[in-house]
Amino acid sequence: MKIHEYQAKRLFRQFGIPAPTGSICKTQKDITRHLKQMQMPVVVKAQILAGGRGKGGGVILARTMAKAQKSAETILGMQLITKQTGDAGTTVKTILLEQGVSLAKELYLSMLVDREHEDIVIIASRSGGMDIETVARENPDHIIKVHINPLLGLQSYQVRELIAGLELSPLLAGEFTEILKKLYTLFTHYDCSLVEINPLGITKEDTIIALDAKMDLDSNSLFRHPDILAMYDSDEEDALETAASAHGLNYIRLNGTIGSMVNGAGLAMATMDLIKQAGVEPANFLDVGGGADAEMVENGFRIIVSDTNVRAIFINIFGGILRCDILAEGVVAAAGKMELSLPVIVRMEGTNVEQGRRILAESHLNLINAENLKHAAELLAAI
Ligand code: GDP
Ligand code: MN
């Protein structure tokens, strides 16, 4: 789960990592009220869960009150398009007003889980402020990577390697060391998959300060971080995905027209392949889980049909823990209650499959029985 820049900076400050203080505005009134108490220059920053805001016009450094007021009014409510938002962009519902800092230099610093090396990698560069992919392409020698064994933690020689690579003066080395240690503590404490500071600013007064903050946490760890869970911004997530997650369903929305309901993630992936091979596109990934009951089937149905792109539904279930007759009863009950008019193709295999098929056949609903996967593919191709 990603959190906003202002939330990440709050955590930074709690852990002793310097970050500018700022004010959050959600209305024009907030803007006027907060700006009155600020010194110029002020940085106006759109709070969305995507990077590249600066280039998209979502970050403006204002040197006068009038410019700050105007920039804030423009950014709040704008449809911000960055290379990470897609063409539709994201509506800016919150902005951050920060005291501007006079920069002497911009560095890049990030920590992330490296799955290949099975460790935590620290990436740093003296070419901060621009995106790291560009630095990697144009100045690969400006990038330093240090792999940390999570059992041993950050070692002094690794800190020195980073200081040397960043060409930091002895004056800044001590301060950088402190920041690095605190950032590593924060990273492991919050089960992060990524923390990125770009830029990590060096001010004209020779202090180091985090001017940007991106944090992504492993969602599986949220049960032990209630403070982070409270930061969940449902505005930034797909409404259907949020609803599905509230019902304990693993649902991911896609762009196609065939809704699918499957038990087991592996079977769900194979089902999406089957849909594509039949020449149509999946509208979603939905794993109702191995132990789904009639209620979950009904909730799944409701979520699938809430997507107005859906033209047909494909139910592909292997009856193991969830018996085929129970599933069939759930499907019939849900389809009947919802007065479902879309065609529903059902392929079932496993425990009590004969009873299940009978229940479907006797239901008089628009349910089409697929004898096997090949037959299901043919039915899908005909839609
Ligand atoms: P991003 O584009 O989403 O990564 O947003 P950032 O928070 O990184 O802001 C974009 C750029 O604005 C940074 O790379 C900095 O160059 C600049 N910037 C942000 N805050 C300040 C500041 O306080 N002072 C100065 N001089 N520049 C800033
Ligand atoms: Mn940035």
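Biologist: Where in the chain does P41 lie?

Modeller: In this predicted model, P41 lies in the loop that runs between α2 (28-36) and β3.

Biologist: What kind of peptide bond joins M40 and P41?

Modeller: As a general idea, most peptide bonds are trans, and most residues other than glycine have a negative phi. Here the bond between M40 and P41 is cis, with omega at about -5°. A cis peptide bond also joins N198 and P199, where omega is about 10°, and P199 lies in strand β11.

Biologist: Let us turn to the ligand. Which residues come nearest to ligand 1?

Modeller: There are 17 residues around ligand 1, and of these K45, R53, G54, V101 and E106 come nearest. To read the polar contacts, we look for pairs of N or O atoms within 3.5 Å. A polar atom in the side chain of K45 is 2.5 Å from an oxygen atom of ligand 1, and an N or O atom in the side chain of E106 is 3.0 Å from an oxygen atom of the ligand. With V101 the backbone is concerned, as one of its N or O atoms lies 2.8 Å from a nitrogen atom of ligand 1.

Biologist: How much of ligand 1 does the protein bury?

Modeller: Ligand 1 taken alone exposes 560 Å², and the protein buries 81% of that area. The space that ligand 1 takes is the largest pocket.

Biologist: Which elements give two or more residues to the shell around ligand 1?

Modeller: They are the strands β3 (42-46), β4 (59-62), β8 (103-114) and β11 (192-203), together with the helix α3 (53-56). By kind, the residues of the shell divide into seven nonpolar, five polar and five charged.

Key:
Residues numbered from 1 in each chain as written. Chains lettered and ligands numbered in written order. Predicted model: local features only at pLDDT ≥ 70, side-chain atom pairs only at ≥ 80, totals over all residues. Heavy atoms only, no water. Near = heavy atom within 4 Å. Polar contact = N/O pair within 3.5 Å; in protein donor to acceptor, adjacent residues only side chain to side chain. Areas by Shrake-Rupley, 256 points an atom, 1.4 Å probe, with all protein chains shown as cover. 1 Å grid on protein atoms, 1.4 Å probe; cavity = no way out; pocket = protein on both sides within 12 Å on 5 of 7 lines; lining within 4 Å. Sits in = over half its atoms within 2 Å of the grid points. Helix = DSSP H or I, 4+ residues; strand = E, 2+ residues; numbered from the N terminus. Nonpolar A, V, L, I, M, F, W, Y, C, P; charged D, E, K, R; others polar.
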